[in-house]
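Biologist: Could we go through this model together, starting with the aromatic rings?
Modeller: Gladly; let's bring up the sequence and structure.

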Amino acid sequence: MPATETVPIIQHAIQLAIAPVFLLTGIAALLGVMATRLARIVDRARDLELRWTALDDVVRAKARLEVVNLERRRNLASWSINFCTGAALLLCIVIVTLFFEEFFKMDLKWFAGAQFVGVMLALIGGLSSFLREVYLATHTGRIEAHRFAR
């Protein structure tokens, strides 16, 4: 194949891959947010563990409930990260498939389409887990304003 014919093939392959690459950037940003939330959950659990022996019985009872909620949130945050990482990996495979299709003149549109559906399903799973974790974070802990009125 002459060099002049190769350039349009490469340009077309890159054009096909641009939209998935932008989606990959968005997923990376989501993963950053999710990882930060997971780190905060773990830090809070470690803080409670360090202070456990110094807590009185009333505060310890409240802390036990908080630890249960932190564990539920940790589990959901972990699933969010797993799903979104899976979506990112699948999206990379979509990009490779698009390049293979273009370079080797294979009909892989159906395969790339099926993979993209998988990406969306994984992303839906990740965002659903994340939404549930945020819900638990905002509905299980209470800010007792009267304690700050002194």
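Biologist: How many aromatic pairs does the structure hold?
Modeller: Keep in mind that this is a predicted model. Rings of Phe, Tyr and Trp pair if their centres lie within 6.5 Å. The number of such pairs in the structure is four.

Biologist: Is the pair of Trp79 and Phe83 stacked, tilted or edge-to-face?
Modeller: A pair of aromatic rings is described by the distance of the centres and the angle of the planes. For Trp79 and Phe83 the centres are 5.6 Å apart and the planes meet at 40°. Planes under 30 degrees apart count as stacked and over 60 as edge-to-face, so this pair is tilted.

Biologist: In which helix do Trp79 and Phe83 lie?
Modeller: The two residues are four apart, about one turn of the helix. Trp79 is partly exposed at 44% relative accessible area, and Phe83 is partly exposed at 32%. Both lie in helix H2.

Biologist: What is the angle between the ring planes of Trp110 and Phe111?
Modeller: The ring centres of Trp110 and Phe111 are 5.5 Å apart. This pair is tilted because its planes stand at 55°.

Biologist: Which residues make the nonpolar surface patch of about 480 Å²?
Modeller: One of them is Phe103, in helix H2, which covers residues 57–104. Phe103 is partly exposed, with a relative accessible area of 35%. The patch is made by Val96, Phe100, Phe103, Phe104 and Met106.

Biologist: What span does H3 reach from its first C-alpha to its last?
Modeller: H3 has 32 residues. At 1.5 Å a residue, 46 Å is expected, and the model comes close to that. The span reached is 46 Å.

Biologist: Is Gln115 buried or exposed?
Modeller: Gln115 lies in helix H3, residues 109–140. The buried residues of H3 include Ala112, Val119 and Phe130 as well as Gln115. Buried means under 20% relative accessible area. Gln115 has 7%, so it counts as buried.

Biologist: Which residues does Gln115 touch, leaving out those up to four places away in sequence?
Modeller: Contact here means heavy atoms within 4.5 Å. With that cut-off, the residues touched by Gln115 are Leu90, Ile93, Val94 and Thr97.

Definitions and conventions:
Residues numbered from 1 in each chain as written. Predicted model: local features only at pLDDT ≥ 70, side-chain atom pairs only at ≥ 80, totals over all residues. Heavy atoms only, no water. Buried < 20%, exposed > 50% of the residue type's maximum accessible area, 1.4 Å probe, protein only. Patch = residues over 30% accessible without salt bridge, like charges linked within 9 Å, V, L, I, M, F, W, Y side chains within 5 Å. Areas by Shrake-Rupley, 256 points an atom, 1.4 Å probe, with all protein chains shown as cover. Salt bridge = Lys/Arg side-chain N within 4 Å of Asp/Glu carboxyl O. Expected span 1.5 Å × (residues − 1). Phe/Tyr/Trp six-rings, centres within 6.5 Å; stacked < 30°, edge-to-face > 60°.
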